[in-house]
Structure formats: structure tokens, C-alpha cells
Amino acid sequence: SFIVSANELTMEIDNEISTIHKYARDVYSIRYAELEQLVGSPVEYAKCVKVIGNQTDISNVDKELQLVVPANIILTISVTVTTSVGRLLTEEEFSEAMAACNAIIAWDEHKRKIFEYVESWMSFIAPNLTNVVGSDIAARLMGIAGGLKKLSEIPSCNLQLLGIKRASIGGLSTGAHKEIHMGLLAKSSIMQECPAPLKQRAMRLLASKCTLVARVDAFGDDIHGIQ
């Protein structure tokens, strides 16, 4: 299935982004080591580095940063950059940092295009599942499971776990524990709009519904997503 292949390709892209992100952090830590603790996302980190560069006064690039990170993060960056012990990057170091950041952003754009292409086919491949959780979530579920047929064979209790990241389980906060049994399905619009007290019950119902419609898509003859 090209969806499985696309999922494997996006995983390889994620690994590449992670490697370049580490290199970018190593280079830019000479200037502003604290930034990696404030901006965890590789893509947001790359965009911040491109905006901040060798600036010492963040107010000069405040508007540009507003397009990348929330206002509270910008405020923290503004305070910490003035107390950072880092030095200005040399021309060579600056070029290396910018090249790494450009690579991260470019790889992320490639991944976005892959997702868009896969999503454009979901209404034909799995119309019922797409109607329930949307093309994005449906495509990711199929990619992780290994295809539509394999997804339809997964029990609903296990379907809830698909897409869980290890980092979301390890935290000490109560919020982290509440999300422990919520994978990709938690990102669907249905779950996002669900009141917090009902989320666990809604998750079980949604997983059961997804298992059912995945089986309809895999073994039924409904190509319009109306069953």
C-alpha cells in the first residue's frame, strides 16, 4: 500500500529532521544555548534561529517571532537572551546554523506534501473511516497499522493506543497520565471538542466506531462513505 510506504517515508524524514536538529542545536548553542529548552519543536526551533540569528535585542524581530511561537515564549526568549553567556556566531558558524535550519524547514515541507497527497486519496480508500475521524487521522492510522485490512483487524481497545509517543507517558504531571491511553484518535476533531469529563468514554466509543467502519471499508462495497 502506498499509504504504508508514505508513512515509512515520513518516519525517515522525521529521523532526518531529528539528526539535523541536533546539529543545529550544537552550532547555535554557541550563541544562545537556552533556546532549545524554550522551543522543543525542531521546525519551530529552526524558524526561531533564522529569525533571531545574531540579534541581541529581540524587540527588533518581535513581529517575525509572533508568526512562529506564542507571545509567552517570545517574552521568555527576550529575557533569557539578555542573560545568556553565549557569544555572537562567526560568519562560518552563522552559515552552518542557517543551512541546518533551512534543511529542517525544507524536510518538513516535503513531509507536509506527502501528507496532503495521501489525504487526497483517503475518501476513495477508506471513505467511512475518513468521515468519522478525517483524512489526516485516517491516513496516519492506516500507515501505522500497515494498511486498511490490518487496521480493521485491530481490537478497539488497542486502536486507542496507535500513535502514542513515549514522551507523553513519562511526565510526572497529572495531565500526562490522563492522556496515557490516547493516541492519534485524541487529535481528531470529535475528541478535541469533547468535554474533559467525557473524554475517556468518548475515546472508547470512537475507537469502537473506527474499528467498525474500518472493517466496512476493508471488506464492504460502500465507496461513498455513507454506511
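**Exercise 1.** Find which helix gives the most to the lining of the largest cavity.

*Solution.* Start with the model: it is predicted, local features need pLDDT of at least 70, side-chain atom pairs count only at pLDDT 80 or more, and totals for chains, interfaces and linings use all residues. Residues are numbered from 1 along each chain as its sequence is written, and side-chain values use heavy atoms, leaving out hydrogens and water.

Step 1: look for cavities (sets of points on a 1 Å grid over the protein atoms alone where a 1.4 Å probe fits but cannot get out).

Step 2: list the lining, meaning residues with an atom within 4 Å of a point. Among them are Ile 3, Asn 7, Phe 115 and Arg 140.

Step 3: assign helices (DSSP runs of H or I, at least four residues, numbered from the N terminus). Helix 1, helix 6 and helix 8 (135-145) each supply at least two lining residues; helix 1 gives the most, with 4.

**Exercise 2.** Classify Cys 157 and Cys 210 as buried, partly exposed or exposed, and count the disulfides.

*Solution.* Step 1: apply the cut-offs for relative accessible area: buried is under 20%, exposed over 50%, and partly exposed in between (1.4 Å probe, protein chains only). Cys 157, at 48%, is partly exposed, whereas Cys 210, at 1%, is buried.

Step 1: search for disulfides (pairs of cysteine sulfur atoms within 2.5 Å). The structure holds 0.

Methods:
1 Å grid on protein atoms, 1.4 Å probe; cavity = no way out; pocket = protein on both sides within 12 Å on 5 of 7 lines; lining within 4 Å.
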